[in-house]
Amino acid sequence: MPAPEAGVVDARPGIPAVTAISARDWRAAWRAAADQPLRNTLPDPLGFPALREQIAVQLGLSRGFAPDPSRVVVAAGTSDAVSLVTEALRNALGRPPRIAVEDPGYRSGHRAAASAGGIVVPVPVGPDGMSLSHLADTTVDAVMVTPTHQYPLGSVMPVANRQRLLAWAADTGTLVVEDDYDSEFRHRGQPVPALAALDASVLHVGGFSKTFDPRLRCAYVVLPDRDRAADAVVAEAVVAARVARGAVVAEPVQAAVAHLLRTGAFRRHLGRVRRDYAHRRGLIAARLAGASGTTGLEARALNGGLHAVVSWPGRPAAADVVARLASRGVLVAELADYEVTQGSAGNGVVLGYGAVALPALELVVDALLEELWACRPRRRGQRTARADGVSA
């Protein structure tokens, strides 16, 4: 994603409030990394031991399960984690693995799986996340889901559906890969447990791109518990693939992140940005709710995370809206960019609000509503509407 020009409001999804990190905590983390003794040795390909330990502690505090640090493997972002797991499955099976993915869904993950030799099998997404009825009709080796906040549509998989998914996976011998996307930012509703907290055979993927800084390229895989033979095969295959690839995240980066976790700086940062994100989410929800009655807009994905999906029936085409907004200096993404099967996402845009200040966010919503009203066909005598959703 290239950096925007000066004066452009970048409301594309995936950008957190990096500058909200305490400068004092940030500098202290890098001083701690610099204080690590120099060693005449290669880095551990599975990850810096102190970071693996702190990740396990943090998961116990926030996600309801505390794995042994030996089950934690460091990766260079979620895409690298998906690529690593796909390669491991290919090696273990001796053939390209078939991996069920959400459609629409995490496009970088889909590409990573395909690039690592996997066969991507799209499964539709509904109000409760991945359609389990459609999934039951597939034959796959693994299923990759974002149950806490489906990306990009924002649906949350209910606990009953999570249990159904896990039961189906156990019956069919299918590996469940949980991408714990946006679990740290839940704005409305009750927290839901991680799949890995319900079943130790789940392979759990998490990272720090949406909580600290995506430029760190630091994520992790929690391997399935090795108590069962099939889970042990998967875990050992992932370890072997990681060792073969070697370390991918610089050890000073890992040491800095470990310091942020150990000292509580990570949790303090989350507390600050949760409040900021909740304010921005509230602004978008209020503005779009005021316009929905007259424009047919639907706003989704606002119960958590750092983005909103705005969709509408019929014209104008989302691609045209995205292009016109870009000409006005406002960058958003087209919802169709996340499709595996053409037409699976519908007509709409995805806008991120993690790094957009409130005044600029007002401008983004204004520009979006103005473009929609300028382009929508009107019947004779139909009243127009201002950007605030009030008919004029």
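User: In this predicted model, which residues does isoleucine 284 touch, leaving aside those up to four places away in sequence?

Analyst: Isoleucine 284 touches Leu302, Ala308, Leu351, Tyr353, Leu361 and Val365, where touching means that heavy atoms lie within 4.5 Å. In the largest nonpolar core, which has 80 residues, Ile284 and Leu165 are the members that touch the most others. The largest share of this core, nine residues, is contributed by helix 10 (residues 265-295). Another core, of 27 residues, lies apart from it, and includes Ala112 and Leu223.

User: Why does proline 67 count as buried?

Analyst: Buried means under 20% relative accessible area, and proline 67 has a relative accessibility of 5%, so it counts as buried. Proline 67 is placed in the loop between helix 2 (49-62) and strand 2 (72-75), and it touches Ala56, Leu59, Val72 and Val222, not counting residues up to four places away in sequence.

User: What makes helix 3 and helix 4 roughly parallel to each other?

Analyst: The axes of helix 3 (residues 78-93) and helix 4 (residues 107-115) cross at roughly 30° and come within 8 Å. Angles under 35 degrees count as roughly parallel, and therefore helix 3 and helix 4 are described in this way. Their crossing is right-handed. The contact is made by Ser79, Val82, Ser83 and Thr86 of helix 3, together with Ser108, Gly109, Ala112 and Ala113 of helix 4.

Conventions. Residues are numbered from 1 along each chain as its sequence is written. This is a predicted model: local features need pLDDT of at least 70, side-chain atom pairs count only at pLDDT 80 or more; totals for chains, interfaces and linings use all residues. Side-chain values use heavy atoms; hydrogens and water are left out. Axes are lines fitted to C-alpha atoms, for helices over the stretch in contact, and angles run from 0 to 180 degrees between N-to-C directions. Helices (H or I, at least four residues) and strands (E, at least two) are DSSP runs, numbered from the N terminus. Angles under 35 degrees count as roughly parallel, over 145 as roughly antiparallel, 65 to 115 as roughly perpendicular and the rest as oblique. A crossing is left-handed if the near helix is turned anticlockwise from the far one by less than a right angle, and right-handed if clockwise. A nonpolar core is a set of buried Ala, Val, Leu, Ile, Met, Phe, Trp, Tyr and Cys residues joined through side-chain atoms within 4.5 Å. Buried means under 20% relative accessible area, exposed over 50%, partly exposed in between (1.4 Å probe, protein chains only).
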